[in-house]
Amino acid sequence: MKALVWHGTNDVRVERVPDPAILNPRDAIIKVTSSAICGSDLHLLDGYIPTMQAGDILGHEFMGEVVDVGKDNTKLKVGDRVVVPFTIACGRCFFCEKQLWSLCDNSNPNAWMAEKLYGYTTSGLFGYSHLTGGYAGGQAQYVRVPFADVGPLKVPNRLTDEQVLFLSDIFPTGYMAAENCGIQPGDVIAVWGCGPVGQMAIRSAFLLGAARVIAVDSVPGRLRMATEAGAEVVNFEHDDVFEKLRAATGGRGPDACIDAVGLEAHGATLDAYIDQAKATAFLATDRPNALRQAIHCCRKGGVVSIPGVYGGFLDRIPFGAAFQKGLTFRMGQTHMMKYMKPLLERIERDEIDPSFVITHRFSIDDAANAYYLFRDRKNECIKVILKPHGETIH
Amino acid sequence: MAEVNVAEVERWASALGGAALAAYGVKNLREEHPVAGAMIAASAGMLIYRGATGRCPVYSATGINTADTDTASVLSGDRGVNVEEAVTISRSPEELYACWRDLERLPAFMAHLVSVTPIDRLRSHWVAKAPAGRTVEWDAEIINEIPNELLAWRTLEHADVVSAGSVRFRPADNGHGTEVRVRLQYGPPAGRVGAAVAWLLGNDPAAQIREDLRHFKQLLETGEIATTKGQPRGER
């Protein structure tokens with residue numbers, strides 16, 4: 001089969017690799033009909049995530065058709081059309097039973113590695129470094145899905161691939177970010193980063209009853225898309241974000257702030273450049289500019305919700321502001337299986353059509369170029385989807 | 001003789017064995033072999049003393065021969081490699097105990113084991129991987145067995161790897177599953193076999209046990225051990 005393979009920083013290639021096979025009794029093999037490139041894949045491309053190995057197949061947002069199932073998988077059958085969540089969960093451990101699916105005890109074969117870095121392991125992830133299991137990803141024509149009786153969600157044929165594909169990550173991720181804000185009627189929510197997760201968070205915040213959403217970014221196409229959702233916008237290259245937010249909230253500050261940027265924040269303030277210099281010199285691993293700003297801007301007693309990915313150590317976080325203002329922090333990889341079905345129902349009820357975020361479509365053969373286009377934000381690129389088998393009837 | 005020089009596992013083995021021996025000795029004293037009975041009772045007393053105090057007058061007086069394959073001498077005190085690891089598993093003590101007691105199944109989650117073959121109800125023959133495709137072998141016996149709570153074992157004479165160990169099962173504090181706690185003691189690595197032991201355990205002796213326990217948990221909770229071995233990948 002063809003797959004998108006990581007070879008090193010800024011080096012991904014489409015190659016022919018062996019087809020996947022069932023390795024464990026609860027596995028399934030999925031023929032991938034649609035796959036997306038995630039903003040967090042750019043962290044891999046840019047070399048920000050440790051424990052990548054040349055030869056790794058990327059991709060964690062995908063869906064398709066079941067073509068094989070393991071002997072203990074009684075939930076799926078050949079021919080089922082499913083969306084696959086990016087987190088892998090066993091469904092039976094202490095954490096899965098508490099709906100903390102992304103903290104599954106049993107799905108990371110390299111748990112020892114994560115324990116060294118984080119104390120305890122989190123769940124396995126598709127195509128996202130060996131720290132989270134080294135599972136081959138879904139930017140490929142076929143993919144093996146472990147614990148496939150827990151994760152994959154069957155989707156009705158009347159919905160297109162593009163309508164349901166983002167149930168694999170960004171829609172639940174943006175939604176959980178908004179839910180973590182504990183939105184009360186009348187609340188004002190500020191969202192840093194108007195990439196795909198930010199866009200989903202903006203719409204989810206409105207779905208959950210936010211009165212206003214204020215979006216912070218610098219890319220005109222992304223700010224425009226946020227405006228279309230009903231958000232007010234702040235361009236951090238032109239405006240002082242704190243002053244803008246303070247003025248927009250009658251001097252009180254947003255009730256909750258969402259950092260949908262994560263570890264590779266770009267910013268125009270001095271601390272952002274210092275971060276960049278330090279990260280380049282390997283003194284720090286993450287650049288938490290957006291997070292700092294979110295903490296600073298949040299109203300007293302507010303919530304900072306973090307769907308943006310962090311992996312290592314953060315430098316000079318204004319913890320004094322967080323403590324003195326009594327902020328609440330909510331974060332973590334998305335507990336996918338808690339959200340996929342209810343969000344599918346919202347799509348079925350036409351409350352939202354997540355396909356609005358798609359700007360580019362490529363065949364798998366062009367996947368490497370698609371990465372570079374997305375990284376460089378060329379042609380107003382916001383979300384890229386790949387068609388590993390060409391166009392399908394869906 | 002202030003130093004503790006008898007291993008924990010061996011201490012209760014000593015104490016239990018001593019108690020049994022004492023009962024036997026006292027029975028003899030009362031019956032037809034009063035002299036033998038007295039000697040047995042005396043040894044029993046020493047074993048109980050060792051068990052209770054962790055100090056062995058015989059070890060201290062004679063020194064320890066590391067070439068010995070008797071767990072009592074090789075593993076006295078904190079000699080060799082000591083490891084303790086625990087994991088909490090969302091299963092009942094009964095299920096976990098039954099799985100562990102079925103010794104033939106241990107290689108399913110203990111990566112370094114090739115096979116375990118029962119000899120009789122308490123004794124078994126073990127084969128483990130060693131460097132350069134070789135194996136090391138030993139016989140072991142169960143020295144304590146409390147169903148659904150505890151299993152303790154030690155290697156028998158002429159073992160390639162001298163070790164003793166125990167596994168305890170007890171309901172977790174929050175009522176959610178079972179805490180499984182393993183203690184293992186290996187003879188000090190020396191010579192060819194010592195190199196094999198060092199290779200088995202790596203730089204971090206606890207790491208292998210932790211990994212084995214993790215696989216035990218995965219197998220019991222999910223029915224399989226998470227893996228990526230055999231999945232496709234691109235050129236390196």
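1. Start with the A–B contact: 34 residues of chain A touch 23 residues of chain B, where contact is defined as C-beta atoms, placed from the backbone, within 7 Å. On the chain A side, β1 (2-8), β4 (56-57) and α3 (111-118) are the elements giving two or more residues each. Helices (H or I, at least four residues) and strands (E, at least two) are DSSP runs, numbered from the N terminus. That side of chain A splits into 19 nonpolar, eight polar and seven charged residues. Here Ala, Val, Leu, Ile, Met, Phe, Trp, Tyr, Cys and Pro count as nonpolar, Asp, Glu, Lys and Arg as charged, and the others, Gly among them, as polar.

2. A word on what you're looking at: this is a predicted model, with local features needing pLDDT of at least 70 and side-chain atom pairs counting only at pLDDT 80 or more, while totals for chains, interfaces and linings use all residues. Residues are numbered from 1 along each chain as its sequence is written, chains are lettered from A and ligands numbered from 1 in the order in which they are written.

3. Over in chain B, have a look at strand β6 (residues 163-171). It runs antiparallel to β5 (residues 150-155), joined by five bridges; strands count as paired if DSSP finds at least two bridges between them. In that pairing, B:R154 stands opposite B:A164.

4. β6(B) also pairs with β7 (residues 178-186) of chain B, again antiparallel, through nine bridges. B:R168 faces B:R181 across this pairing. The two strands make a hairpin with six residues between them, and B:G175 in the turn has a positive phi of about 75°.

5. Back in chain A, helices α8 (residues 241-248) and α10 (residues 289-297) pack at about 35° with axes 10 Å apart. Axes are lines fitted to C-alpha atoms, for helices over the stretch in contact, and angles run from 0 to 180 degrees between N-to-C directions. From α8(A), A:V241, A:F242 and A:L245 meet A:Q293, A:H296 and A:C297 of α10(A). Those contact residues come out as four nonpolar, two polar and no charged.

6. Two backbone spots to check by eye. A:N10, in the loop between β1 and β2 (11-16) of chain A, has a positive phi near 55° without being a glycine. A:N10 is exposed, with 11 other C-beta atoms within 10 Å. A:T51 sits in the loop between α1 (39-45) and β4 of chain A, and is another non-glycine with positive phi, about 65°. A:T51 is partly exposed, at 16 other C-beta atoms within 10 Å. The cut-offs: buried is 20 or more, exposed 12 or fewer, partly exposed in between, with C-beta atoms placed from the backbone.

Methods: Contact = placed C-beta atoms within 7 Å.
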